[in-house]
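Here is a short report on one structure. Please look at the model before reading on.

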Amino acid sequence: MKTMRFLVPLFLAACVTAGARDLQQAQTPAASTSKPIADLLFVLSAGKATFTDANTLKLEDVTQTAQFYGSGARAGIIPTSVFANGTAGASYVSADGEWLNNPSATLFGFVGENKTQTSYILTLASPKINDDDETVTFSVVASTTSSAVKTTKGVANEVLTQAETQQGYLQTVIQPGTELRDPSLFVDANREDMKPIAQTKTFWWWGPGWGWGHGGGWGCGWGCGGGWGWGK
Ligand SMILES: *[C@@H]1O[C@H](CO)[C@@H](O)[C@H](O)[C@H]1NC(C)=O
Ligand SMILES: *[C@@H]1O[C@H](CO)[C@@H](O)[C@H](O)[C@H]1NC(C)=O
């Protein structure tokens, strides 16, 4: 089994090298239906999350930085004010106005007097930061099928698989007014898909090597630019 797993990628690599152009042509029709792999994960945590209505998620007592993780030990932090800025011209907003390509995310948290763990799969859009009370709101749509999830092999995909066998593990309907304690939002993303966003920015790059050209970070708190990342 181990040998097979090792050999198959080698074989594929050989094919790609030998007939890159043919393969590219053959794959073009499939590209519209195939989804990118989740190779980048952002995590934003808060003290409380409320679905203020069926399509709005409000995070209160939000942590000052969002965390991100890539494969291996690649990790870093980004000030929440930078990460969750959904206005035109902000770091993660593309030219057509979409924040982080309107990603799929999994919200984990605890509900009710018995702090029952619960989760939702959401499509996130248009984050808004309120500096006065340090809240972040998102426009959300609950996803209940894998076809609605934007990436493969991400947290959302795993949670959907787990939900098939565990009753109650995943909430499929948003009840307005629902409150979650200690929520964490896991946002699945694809590095390659972020390039069109990154290329319009002066300080952000998700290419090979995970280069960072802009500081900030420690001690800046809410409202500071930049971020820090580690790993090769
Ligand atoms: C969000 O980004 C815009 C555009 O770069 C900027 O003008 C605004 O100050 C940012 N908002 C926050 C809360 O940092
Ligand atoms: C919380 O747990 C207690 C003890 O198991 C139980 O009696 C109660 O009904 C639970 N409350 C809710 C809202 O599930």
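## Basis

This is a predicted model, in which local features need pLDDT of at least 70, side-chain atom pairs count only at pLDDT 80 or more, and totals for chains, interfaces and linings use all residues. Residues are numbered from 1 along each chain as its sequence is written, chains are lettered from A and ligands numbered from 1 in the order written, and side-chain values use heavy atoms, without hydrogens and water.

## Ligand 1

A polar side-chain atom of N85 lies 2.3 Å from an oxygen atom of ligand 1. For T87, the distance from a polar side-chain atom to a ligand 1 oxygen is 3.4 Å. Taken alone, ligand 1 exposes 360 Å², and the protein buries 48% of that (Shrake-Rupley method, 1.4 Å probe).

## Aromatic pairs

The count comes to 8 aromatic pairs. Rings of Phe, Tyr and Trp (its six-membered ring) pair if their centres lie within 6.5 Å; planes under 30 degrees apart are stacked, over 60 edge-to-face, the rest tilted. The rings of F83 and W99 have centres 5.4 Å apart and planes at 75°, so this pair is edge-to-face. F83 lies in helix α3 (residues 80–83) and W99 in the loop between α3 and β6 (104–111), so the pair ties together parts 16 residues apart in sequence. Helices (H or I, at least four residues) and strands (E, at least two) are DSSP runs, numbered from the N terminus. Both F83 and W99 are buried (buried is under 20% relative accessible area, exposed over 50%, partly exposed in between; 1.4 Å probe, protein chains only).

F108 and F186 also pair edge-to-face, at 5.4 Å centre to centre and 90° between the planes. F108 sits in strand β6 and F186 in strand β9 (residues 179–189), so this pair ties together parts 78 residues apart in sequence. F108 is buried at 17% relative accessibility. F186 is partly exposed, at 23%. One aromatic cluster is formed by F42, F68, F83, Y92, W99 and F138.

## Helix α4

Which residues of helix α4 (residues 155–165) are buried? They are A156, N157, V159 and L160. These cover an arc of only 165° around the axis, which puts them on the same side of α4. The arc is that of the directions from the helix axis to the C-beta atoms. The face turned away from the buried side of α4 carries the exposed residues E158 and T165.

How values were computed:
A polar contact is a pair of N or O atoms within 3.5 Å; within protein, one must be able to donate a hydrogen and the other to accept it, and residues adjacent in sequence count only if both atoms are side-chain atoms.
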